[in-house]
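Welcome, and please open your viewer before reading on. We will go from the whole chain down to single residues, one selection at a time.

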Amino acid sequence: MAAVDQGAFLDSFTDEEKAVLAGHFSNTDRAVFAVTTPRQVDRGALMSRYSRTDKSMRRVFLDEFAKNPNRGEEFYRKVLLEYGDDSVAELGEAQVALEGISNIAAKKIEDRRIGLSYLEKSSRYVPFDQKVAGGMYRYLREGRIMSSRHADRYIAACDLAFDTYSKSLPAMTKFLEEQEPIDKFSFFDSSLQKERQFGSLKEQKDIDAARRIYRVTIRAKALDLLRGLLPASTLTNVGITGNGRAFEYLLTIMHGSHLAELRLLGEQLFSELNGVIPSFVRRANDKYGQAMQAYFAKTEGAVRDLAKKHLSGIGPEPSPERVRLLEPEDNFAAEVKVASAVLYEQADGRPLEKVMRYVKSMPSQDRHGIIRAYTQFRENRRQRPGRAFEMVDCVFELFTNFGMFRDLHRHRVLTLERQLLSTRHGYDMPGEIKGAGLDREFQECMSASKDAYEAIAKEMPEEAQYVVNFAYRYPYFMKMNLREACHMIELRTVPQGHPDYRQVCQEMYRQLQKAHPVLAEGIKFADMNSYQLERFDAEKRAEKKRRESERQ
């Protein structure tokens, strides 16, 4: 079949018009082109105006934008303020960085799941043992706490946490080297050279590479084990890519926060975004934004009062399960939903209700055959199950340490609700801490943080979160569909993952297997093994790629 002749439908431009268009579009004579006009506001306005006219985009630019440098601003002012068409604000994008912010602020910002993508400084690969100029560790001196009678206690608890972390790093590294000596490992696979133990490597290049792999792996493991000492006040860096609509909502939340840090960050972020996408964020703290903030505050106050009224007689569990699948769907109903959704795309006009009625009546082996066929050709975790798996929801309540929460919090295609961070649920201490002889110092650090938290929380429950260590357990729940559960479980059980969240996601998988055995077969790449040095194989693969790249 001959290809469609797109040229017959394209605008034609004069040489003069092509010269004007050249700095704003990737080409002037093809049906597919990129918008390269330098101003973000014009790119977004062009995209939006495009939907309101039968002209081509390049013709719109020539007729409405080329001779009017303020056209983009004028367009957005009219559409957003006069018409209230919020969706056009998604056409303006920006990339920003927030540096030196606490982990409390970072998690509140990253709670905004839609329209924003985040990258955050890793506590797995970046040590926090160095002081900055002035001899201070990198943690937030929260203003309200620092102006209160709790300032000295707060500083002492945070300093102790960082001192313990810093002093423990060499000892933990030495312990791991003794437990997992370098001559125990094979470093290179047969695609590079014959697999040999470290002691028999001949070439200096191989020896240097092996030592580098080993050092990086040991370092990552040591930082993994010690990150529980870090307080939530620890400073991090967050990069954000997002659209104007999502940034406006984030700013509205930040402006209305109870925490002074978030309000200040909101003001700073608004100032920077106002310089690059002003039309998209102008409503964040105007009368519309303030009305939204008032709505949030009133709702929060009403819910807080209702919680005090209705939950005061319910005591906490002394030792809650770390992972709990709450009230799973009836397995038969779940299988019917998924099998019906699998067939529906090819149902040729038959309504879903009739398809579901038929699936309910079929023998179980036929229903299971449909479900298994849907995932049988998956060859790796990136080949995800289709949307039929979204027909089943699951709710997991978790009591994990805060460090682990930070890892699982990154998953955004789900609903996550959490409580305030506190010390009332106890803490996790890795077995290696005791093995390295660091358990007494670890426990003293946790005790000091607990004392500081309890004193501050009586007056400032939200600010008290800053002093709580990553090791303390934290209650939250995640509601997700089976497709996202598959993605999370397979991603977070890979060998190089942190052992804490690997174990949690392995338990999530076991509970899904029990509730939905046939559906859980579709989760084909959950790694249920345990590993001593989680990063070792990943670093070997990275070294292999480096060597192959050098040979090209």
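What follows is a short tour with something to select at each stop.

**Before you start**

You are looking at a predicted model, in which local features need pLDDT of at least 70 and side-chain atom pairs count only at pLDDT 80 or more, while totals for chains, interfaces and linings use all residues. Residues are numbered from 1 along each chain as its sequence is written, and side-chain values use heavy atoms, with hydrogens and water left out.

**Stop 1: the whole protein**

Show everything as a cartoon. The protein has 22 helices and 7 strands; helices (H or I, at least four residues) and strands (E, at least two) are DSSP runs, numbered from the N terminus. Its C-alpha atoms fill a box of roughly 80 × 65 × 65 Å along the principal axes.

Of the 552 residues, 46% are buried, where buried means under 20% relative accessible area, exposed over 50%, and partly exposed in between (1.4 Å probe, protein chains only).

Among contacts in the protein with a separation of 6 or more, 75% join residues 24 or more positions apart.

**Stop 2: a pair of helices**

Select residues 244-255, which are helix 9, and residues 260-276, which are helix 10. Two packed helices are described by the angle between their axes and the distance between the axes. Here the angle is about 145° and the axes are 8 Å apart; axes are lines fitted to C-alpha atoms, for helices over the stretch in contact, and angles run from 0 to 180 degrees between N-to-C directions.

**Stop 3**

Select Val 96, found in strand 1 (residues 93-102). Leaving aside residues up to four places away in sequence, Val 96 touches Val 238, Gly 239, Ile 240, Phe 247, Leu 269 and Leu 273. Draw a line from Val 96 to Gly 239: the two are 143 residues apart in sequence, yet 5.8 Å apart in space, C-alpha to C-alpha. Is Val 96 buried or exposed? Val 96 counts as buried because its relative accessibility is 14%.

**Stop 4**

Move to Thr 217 in helix 8 (residues 204-226). Its relative accessible area is 1%, so Thr 217 is buried. Apart from residues up to four places away in sequence, Thr 217 touches Leu 533, Arg 535, Phe 536 and Glu 539.

Then select Thr 164 in helix 7 (residues 151-179). At 7% relative accessibility, Thr 164 also counts as buried. With residues up to four places away again left out, Thr 164 touches Leu 229, Glu 441, Phe 442 and Cys 445.

**Stop 5: two loop residues**

Finish with Glu 327, in the loop between strand 4 (323-326) and helix 13 (331-344). Glu 327 has a positive phi of about 40° although it is not a glycine, and it is exposed at 77% relative accessibility.

Asp 348 sits in the loop between helix 13 and helix 14 (352-361). Phi of Asp 348 is also positive, near 55°, and this residue is exposed, with a relative accessible area of 70%.

Methods:
Contact = heavy atoms within 4.5 Å.
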